[in-house]
Structures are given as C-alpha cells and as structure tokens.
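Hi,

Here's the structure I promised to pass on. Have a look at it, then read my notes below.

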Amino acid sequence: MPWHDVKPQCRGAKALRFLGVWAAFWLALITPASSADDSDLPAPLQEKVEAAQQACAEFDNGAFYLEWEAVDRVDLDGDLYPDWVLNERGFSCSTAASLYCGTGGCMSHFLVEDVLSSLLNQGWGLADLGPNKVLLADVHGSQCGGINPTPCMTASTWDSDEKQWRTTAAEWE
C-alpha cells in the first residue's frame, strides 16, 4: 500500500514510532559509556587493572575508568570455549590522555589456559585457518624494519601442548 493511501492516524503512529527509535539511537550514541564491571575478571587480568588504577592515581590523583571495550571474551585456541582478552585501549585516566597507549598502540593481554601473554598492538582480530585459530595483530612498523606508519602484521596461533603462542617472520623471496 503506498504511503499516501495510509489513513492519517496510522501515518501518525508510524511517524511517532520512527521518531522514538531515532531518538533512542541518537541518545545511545551521545551518552558517555560508563565503566565496565571488572569484578569477574580472572586474577591475572585483575592485577593488570589494579596496576593501571594505581598508575592513574599516582598521576595527579587521576580517576581510572575501565570502558566496555576493554574486555573481550573470544575463543583464542579453538577449543570452543571463550578465553579472556584485556585491551588497554579501553583504559582511561582523567588526568592523562595517553597513559596506557602510545604510537606503538596499546597492550592487549590474552589469557588462554591460565597463561597470560601480552602484545603491544594497534588492533587485532581472529581468523580461522584450517583447524587453527589465528590471532592477527597490527603492530608497530619497526617490527617489520620500518617506522610507525609502515604496515606491519603478525600472525600467531596457540599451541595447546606447549601452552604458548607460535609465530614466525615470513621469509619472502
């Protein structure tokens, strides 16, 4: 049924519903994110948060915030159970704009099978390659023989037998 054939009272209700959805969307965008609850973090990640809180407090008595994007639950090792990732890009301190991140990126702490590993990166993601989960990370260009803007990626996979990340530098010909 074309729009002009809809009864006026139906058009009004649809317009009101549209405005309500539109207003809720924009309110969600402009509302500042509140701090995430870190009470259920495993002890090794809780220690990282506590160290960050202390560093912030020591810097002009700053207030620390753990934003929602700081904690990820993803399957890093392919066992179908979510592992823990703590991303310092989600840390903020009221008195220091760049306390946790710099030109090399931010630290991400990956907790797999009770093993905590940390990696300085400018972003990361996961890919499935055969039976393996592959952690791809955008890292500082100096790791590829360049400078910061030089594109540089690492690829790592979790070795459950040795309980460590496996990675290599490719030898291109």
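Two strands pair if DSSP finds at least two bridges between them, and a strand is a DSSP run (E) of at least two residues, numbered from the N terminus. Before we dig in: this is a predicted model, where local features need pLDDT of at least 70, side-chain atom pairs count only at pLDDT 80 or more, and totals for chains, interfaces and linings use all residues. Residues are numbered from 1 along each chain as its sequence is written, and side-chain values use heavy atoms, with hydrogens and water left out.

Start with S9 (residues 132-138). S9 runs antiparallel to S10 (residues 153-159), with 4 bridges joining them, and Ala 137 has Thr 154 as its bridge partner there. S9 is also antiparallel to S8 (residues 124-129), this time through 6 bridges; Ala 127 stands opposite Val 134. The S8-S9 hairpin has 2 residues between its strands, and Gly 130 takes a positive phi near 60°.

Now Leu 119, in strand S7 (residues 115-121). Leu 119 touches Ala 137 and Thr 154, among others (contact means heavy atoms within 4.5 Å). It counts as partly exposed because its relative accessibility is 25% (buried is under 20%, exposed over 50%, partly exposed in between; 1.4 Å probe, protein chains only).

Cheers

Definitions and conventions
Lists of a residue's contacts leave out its neighbours within four places in sequence.
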